[in-house]
Amino acid sequence: MYLTHLECPRCNATYEPDRLHNLCACKSPLLARYDLDTLADDVQRSDMERGRDDMWRFAAFLPAAESDIISLGEGMTPLYELDGLGGALGIESLMIKDEGYNPTGTFKARGASCGISMASRLGAECVAMPTAGNAGGAWSAYAARAGLDCVIAMPEDAPEITMKECVLYGAHTYLVRGLISDAGKLINNACEKYGWFDVSTLKEPYRIEGKKTMGLELAMQLGWRVPDVIVYPAGGGVGLIGIWKALDELQQVGWIGEERPRMVAVQAEGCAPLVEAFERGDTESNFWDNAETLAGGIRVPKALGDFLVLEAVYASDGCAVSVTEDAIVDTMRRVARVDGAFLCPEAAAAVAGVARMREDGDLESDEEVMIINTGSGLKYSDLVESDLPCIDKDEAILPPGE
Ligand SMILES: *Cc1c(COP(=O)(O)O)cnc(C)c1O
Ligand SMILES: [Zn+2]
């Protein structure tokens with residue numbers, strides 16, 4: 001166990017890690033800090049190349065002790081090339097880290113595994129959160145496994161499968177007429193009233209630690225180096241902040257050098273507060289009114305960790321780009337047809353962002369690009385039109401194209 005304390009990235013206040021914490025007194029999210037010098041003495045990077053077949057292989061960089069771990073086998077997801085689309089875009093190496101292989105079908109499982117492990121260890125009895133859908137599914141599953149009560153509030157237009165997941169895992173689930181930000185206010189009020197532990201995005205410090213493992217893994221999978229560009233569909237931006245934190249920690253223990261990928265945050269034109277802030281050169285975003293995109297995971301009008309996302313984008317010489325709804329749907333279809341991968345619409349937005357960067361001359365053909373497919377497209381089957389002929393048993397099947 002190398003966790004030493006929690007630290008506020010805004011005012012530098014520190015907190016003891018052995019009790020439940022939400023935000024810093026200054027309202028900033030808190031970040032977990034570790035004794036990385038001792039870790040570097042005790043653990044070698046070759047130790048990481050074997051071990052558990054899930055993200056807890058990286059337990060040295062995580063806050064929970066072995067006996068606290070609530071796991072469903074999350075993490076250690078594959079990397080593969082999108083040769084078809086990469087070729088069409090003139091990119092030599094366009095890679096996917098496919099988080100669709102996780103329990104509950106999205107990378108939210110990583111954050112939930114770590115967050116629930118710690119909430120349970122530190123004595124929470126009931127966790128509560130607003131969600132666009134996928135986090136609700138994941139946290140409900142891990143809460144069930146830990147024997148914790150779980151309260152979920154989600155917009156009434158969240159994907160139906162995620163509602164069903166919450167119900168199936170036994171979470172106390174509400175649909176809200178409004179946005180995720182409205183659901184967040186309702187959860188906040190209920191937590192104050194009933195003493196539940198608020199596990200909203202970045203309101204507790206350990207979800208980001210779970211998501212950080214994406215960065216640890218991808219560096220290991222590339223042979224302890226980083227790609228030139230990482231493209232991330234950003235809602236709350238937790239995954240992007242987590243990957244950035246992971247690379248920083250890997251450098252501090254000497255497992256990678258100081259080279260960093262350009263960090264690119266992609267959003268939808270109908271909800272692009274981070275892009276707008278980036279274009280203004282600002283370090284914080286404004287609340288985005290009337291947020292709208294079919295990619296629900298990135299429909300976040302104002303992220304609590306916006307300043308951390310933008311910090312990583314600026315520090316890495318990255319950028320933030322937005323894409324249209326048509327581009328998202330077209331890209332989802334195109335990647336399926338040419339590369340056989342069913343991306344979630346959020347990741348399709350990220351790929352569309354790569355195409356946009358190529359058009360704008362912001363991406364060289366020899367840059368190695370890694371896209372995080374944050375979830376499986378299988379959770380979004382309603383976005384696929386399948387207008388199929390239905391034939392009688394005495395009719396004939398014709399060759400393709402006829
Ligand atoms: C939650 C979610 C996102 C956004 O993740 P953040 O790390 O909060 O930006 C993207 N894609 C999918 C599928 C999600 O569920
Ligand atoms: Zn603070």
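The model described here is predicted.

**Helices α3 and α7**
- The crossing of α3 over α7 is right-handed.
- On the α3 side, the contact is formed by K108, R110, G111 and C114; on the α7 side, R207, E209, G210, K211, T213, M214 and E217 take part.
- Sorted by class, the residues of this contact comprise six charged, three polar and two nonpolar ones.

- Helix α4 covers residues 134-146, and its 13 residues should span 18 Å at 1.5 Å a residue; the C-alpha atoms at its ends are 19 Å apart, which agrees.
- Because ten of the 13 residues of α4 are buried, the helix is largely enclosed by the rest of the structure.
- The buried residues are N134, A135, G136, G137, A138, W139, S140, A141, Y142 and A143.
- After α4 comes G147, which has a positive phi, near 75 degrees.

**Helices α4 and α5**
- The axes of α4 and α5 cross at roughly 20 degrees and come within 8 Å.
- This angle makes α4 roughly parallel to α5, because angles under 35 degrees count as such.
- The crossing of α4 over α5 is left-handed.
- From α4, residues N134, G136, G137 and S140 meet T162, E165 and C166 of α5.
- By class, five residues of this contact are polar, one is nonpolar and one is charged.

**Helices α7 and α8**
- The axes of α7 and α8 (residues 238-252) come within 7 Å of each other, crossing at roughly 60 degrees.
- That angle makes α7 oblique to α8.
- The two helices form a right-handed crossing.
- In α7, the contact involves R207, I208, E209, K211, K212, M214, G215, L216 and A219; in α8, it involves V238, G239, I241, G242, I243, K245, A246, L247, E249 and L250.
- The class division here is ten nonpolar, six charged and three polar residues.

Terms used:
Residues numbered from 1 in each chain as written. Chains lettered and ligands numbered in written order. Predicted model: local features only at pLDDT ≥ 70, side-chain atom pairs only at ≥ 80, totals over all residues. Heavy atoms only, no water. Helix = DSSP H or I, 4+ residues; strand = E, 2+ residues; numbered from the N terminus. Expected span 1.5 Å × (residues − 1). Buried < 20%, exposed > 50% of the residue type's maximum accessible area, 1.4 Å probe, protein only. Left-handed = near helix turned anticlockwise from the far one by under 90°. Contact = heavy atoms within 4.5 Å. Nonpolar A, V, L, I, M, F, W, Y, C, P; charged D, E, K, R; others polar. Axes fitted to C-alpha atoms, helices over the stretch in contact; angles between N-to-C directions. Parallel < 35°, antiparallel > 145°, perpendicular 65-115°, else oblique.
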